Amino acid sequence: MTHKKSGRGLRRILIIGTTIILALGVIAILVIFYLAKGLPTIGQISARQVSQSTKIYDRTGAVLLYEISNSQERTVVPLQNIPRYLQEATVAVEDENFYNEPAFDWRGILRALLVDLIHGQILQGGSTITQQLAKNAFLTPEQTVIRKIKELILADRLDQYYSKDKILELYLNEIPYGPTIYGVEAASEAFFGKSAKDLNLSESVLVAAIPKAPTYYSPWGSHQKDLFDRQKFILDKMLGLGEITQKEHDAAAKFKLVFAPQGHAIKAPHFVMAVQDYLVQKYGEDMVRSGGLKVVTTLDWGLEQVAERAVQAGAERNDTLYDGKNAALVAEDPKTGQILAMVGSRDYFATSSLPEGCTPGVNCQFEPNFNAATQGLRQPGSSLKPFVYLTAFQEGYTPDTILFDVPTEFAANNPLCPPVPDFNNINKECFHPQDFEGSFSGPMSLRDALAQSVNVPAVKVLYLAGLNNTVKNAYDFGLTTLTSPNLYGLSLVLGGGAVRLNDLVGAYSVLAADGIKHRQSLVLSVTSSEGQILESYQDQNSRVADTESVRLTNSILSDPQARSGLFQNSLSLTTFPGYDVALKTGTSNDYRDAWSLGYTPSLVVGVWAGNNDNRPMQRNGFSVLAAVPIWHDFMVEAIKNVQPETFNKPDPQYPQKPILAGDYLHDKQVHSILYYVDRNNPTGPPPQNPENDSQFTNWETGVLAWAAQNIPDFKDYNQTIPDSNIATSTQNFGLPPRVRIAEPLTGGFIDGRQINVAASINSTDPLLKVIARFNGSTVQEISFPQGMTSYDLRFSFSPNDTQSQNLLEVEAVDKNNQSGKAATIIYGNNN
């Protein structure tokens with residue numbers, strides 16, 4: 001009886017146990033079914049788009065400039081482009097039975113579960129490579145039982161659908177090797193600066209050692225010894241598994257690894273950011289950050305490095321000498337419009353060195369990330385003059401045409417502004433420019449006036465060429481920010497308006513290309529992650545100027561002899577033996593901007609120097625001193641790779657009018673050009689009533705005053721004066737004394753302790769005194785009680801204190817207290 005009862009009890013227990021097991025099984029199946037329902041299907045897995053970073057390269061496609069990513073730097077590569085060593089090392093350390101086991105290892109899971117139960121938390125995963133792929137690609141990193149079940153389900157799906165090689169390929173492209181480094185290709189590029197396919201055994205094994213703890217085992221971290229220990233452990237395991245020979249093992253263990261420096265993530269940063277802006281505008285933010293584009297740019301990495309060094313060294317020098325803290329440079333191939341180098345500031349990475357109190361975009365003399373080449377709108381100074389003269393050539397004026405560099409008031413018909421200006425009485429309604437030296441040269445050909453960047457003739461050329469015609473030309477050349485001629489007036493030629501350095505370089509490239517404008521380009525090709533070419537460089541060009549006017553302009557700007565008067569001792573910075581090099585400089589008001597634009601038929605280089613907040617540079621930091629040295633330092637290296645070419649020569653000019661042919665004393669008369677030409681038709685008949693031109697009286701007054709001072713027999717000339725007011729003006733206003741410094745020349749150096757000074761002074765009215773100043777202190781003063789009108793100043797002195805840069809001024813004052821000045825800048829021995 002007892003046995004029967006115990007038998008029935010045992011059956012009941014078995015039934016209950018079986019029922020519970022079945023119920024648990026059903027629940028487990030239901031749970032698995034429920035969890036599986038929310039997981040991606042095979043179709044979704046196959047269609048999954050892996051986030052890939054966009055890579056930007058130099059023009060060779062070999063130098064990686066930058067990766068744009070959505071927090072994950074990744075480039076997917078096929079298994080055949082991953083070294084066998086790296087595949088075997090990964091399998092050996094992560095899942096040595098990978099090729100012989102199912103999607104998950106039950107023994108490993110149970111072993112990990114036991115450890116987790118003992119410690120009361122999840123410490124071990126027991127994960128195969130397939131499980132790790134499922135976890136990294138499709139699941140969150142949380143460590144829970146539910147997440148683990150999902151991992152097993154997904155791993156099984158992957159194992160059923162994909163081959164082992166495909167799973168390994170997906171895994172090696174998916175897993176993290178650092179905070180933002182995903183996949184073996186990104187890891188190889190980051191740690192060794194090379195593609196994964198180029199890794200050797202030692203490098204491959206080290207990469208395989210990282211995924212266990214990417215931050216801890218980072219080659220840039222503080223646990224390199226542990227990383228190398230793990231590398232050795234994997235090498236030993238590969239040897240034990242027969243994957244490598246003893247010889248390969250020993251060679252890899254002895255190989256000295258060299259890691260790429262951390263922070264190499266961006267090269268040519270200002271250029272790259274400009275490329276990124278272009279890509280985002282064309283392809284959208286999502287595609288650029290996660291679409292895996294390969295972008296080959298126009299950048300010449302060698303030239304870019306030269307440019308960065310030149311800009312940094314030049315800006316540091318300007319900072320010391322002129323309180324000019326920033327500079328920028330752009331180089332372009334004028335035959336294609338391709339940008340070869342771009343530096344937007346002296347140091348993109350110098351954010352930690354911003355001066356105290358500096359608010360970017362408000363009051364910073366230097367902002368590292370601001371691209372002064374593409375974002376900075378600055379006054380161009382005299383760098384606009386070539387486009388003014390070119391327009392005049394198109395109208396029929398010639399390089400031999402004579403204009404007078406004499407004091408001239410251009411605010412015509414303003415009673416507050418006399419025809420012969422008083423430079424000591426500055427009225428904002430008046431406009432009577434002069435040059436840095438404060439002197440005037442008298443009659444000048446357009447060739448000399450442009451080459452030496454003389455201001456008064458330039459304003460006259462703008463008036464003759466026409467403001468609207470000139471602005472249209474400038475716009476067509478690429479200076480699209482110049483759109484308001486009436487706002488600028490005649491000051492445009494001296495820097496009115498604002499331009500970008502990048503646009504100015506593009507405009508000069510039209511001169512270099514004989515009047516053809518090639519659309520500027522930053523990109524040679526863009527390829528999708530699937531290898532589809534999305535865009536490739538196509539030259540877009542058009543003629544924007546006739547060849548003859550361009551060639552006349554080039555013939556002037558490429559003439560070293562013609563520009564020697566401007567550059568003086570700095571002329572050697574502008575010439576390169578065997579090369580035809582054109583050059584133009586510019587300085588805006590108060591030395592706020594210094595420019596240097598130089599070019600050959602194959603290379604255009606532009607430099608800007610100044611302060612981001614438009615603060616003036618100090619101590620006469622004009623273009624020849626602040627911008628040309630930077631331009632030269634780049635050009636002297638860049639031109640080594642440029643094939644020597646000459647500019648096409650203009651046709652001979654045979655003008656019929658004497659004034660257009662360089663004869664300003666024809667028929668023993670002296671007049672301004674407005675006496676001989678109708679500015680709307682310069683080669684046509686002379687104007688019957690030249691005084692009807694609003695500028696005629698003021699121009700003529702200055703010319704006649706110059707003639708009275710400089711032509712000994714002028715009183716015998718058969719002079720025709722159409723306006724009686726001119727004669728009265730000439731009698732009532734004399735020209736200020738004219739001063740010329742022959743020694744020392746600008747750009748020279750102090751040789752020893754003694755400075756020799758030589759200057760010539762000429763005056764219409766008797767001289768009162770001559771004063772020489774060195775850095776503001778008087779070093780010589782001579783009075784003239786006998787009323788001399790000319791004097792040759794010769795003396796020597798030993799300065800008490802020389803600086804890196806020194807200013808020597810000579811001022812002459814006549815009996816009417818009109819003063820004329822000339823100045824020169826010389827460098828101290830400590831420069």
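Contact, throughout this report, means heavy atoms within 4.5 Å.

## What you're looking at

This is a predicted model, where local features need pLDDT of at least 70, side-chain atom pairs count only at pLDDT 80 or more, and totals for chains, interfaces and linings use all residues. Residues are numbered from 1 along each chain as its sequence is written, and side-chain values use heavy atoms, with hydrogens and water left out.

The protein has 26 helices and 22 strands. Those are DSSP runs numbered from the N terminus: helices are H or I with at least four residues, strands are E with at least two. Of the 831 residues, 53% are buried. Buried means under 20% relative accessible area, exposed means over 50%, and partly exposed is in between (1.4 Å probe, protein chains only). Now take the contacts with a separation of 6 or more: 71% of them come from residues 24 or more positions apart.

Let's start with Asn 806, which sits in strand β21 (residues 805–814). Because its relative accessibility is 1%, Asn 806 counts as buried. If you skip neighbours within four places in sequence, Asn 806 is in contact with Arg 619, Ile 750, Phe 774, Asn 775, Thr 824, Ile 825, Ile 826, Tyr 827 and Gly 828.

Pick out Asn 775 from that list. Where does Asn 775 sit? Look in the loop between β18 (767–774) and β19 (777–783). With 28% relative accessibility, Asn 775 counts as partly exposed. The side chains of Asn 775 and Asn 806 are joined by a polar contact of 2.9 Å. A polar contact is a pair of N or O atoms within 3.5 Å; within protein, one must be able to donate a hydrogen and the other to accept it, and residues adjacent in sequence count only if both atoms are side-chain atoms. Asn 775 also has Leu 808 at 6.4 Å, C-alpha to C-alpha, though the two are 33 residues apart in sequence.

## The nonpolar cores

In soluble globular proteins, nonpolar side chains tend to be buried together. A nonpolar core here is a set of buried Ala, Val, Leu, Ile, Met, Phe, Trp, Tyr and Cys residues joined through side-chain atoms within 4.5 Å. The largest one has 104 residues, and Phe 271, Phe 387, Phe 477, Leu 479, Leu 504, Tyr 599 and Ile 673 have the most contacts inside it. There's also a second, separate core of 47 residues, which includes Ala 92, Ile 129, Leu 154 and Leu 201.

Not counting residues up to four places away in sequence, Phe 477 touches a group that includes Phe 387, Leu 390, Val 510 and Lys 517.

## Helices α3 and α7

Helix α3 (residues 84–94) packs with helix α7 (residues 164–174) at an angle of about 90°, with their axes 11 Å apart. Axes are lines fitted to C-alpha atoms, for helices over the stretch in contact, and angles run from 0 to 180 degrees between N-to-C directions. So α3 is roughly perpendicular to α7, a label that covers 65 to 115 degrees (under 35 is roughly parallel, over 145 roughly antiparallel, the rest oblique). Gln 87, Thr 90, Val 91 and Glu 94 of α3 meet Leu 168, Tyr 171 and Leu 172 of α7.

How much of α3 is covered? Nine of its 11 residues are buried, among them Ala 92.
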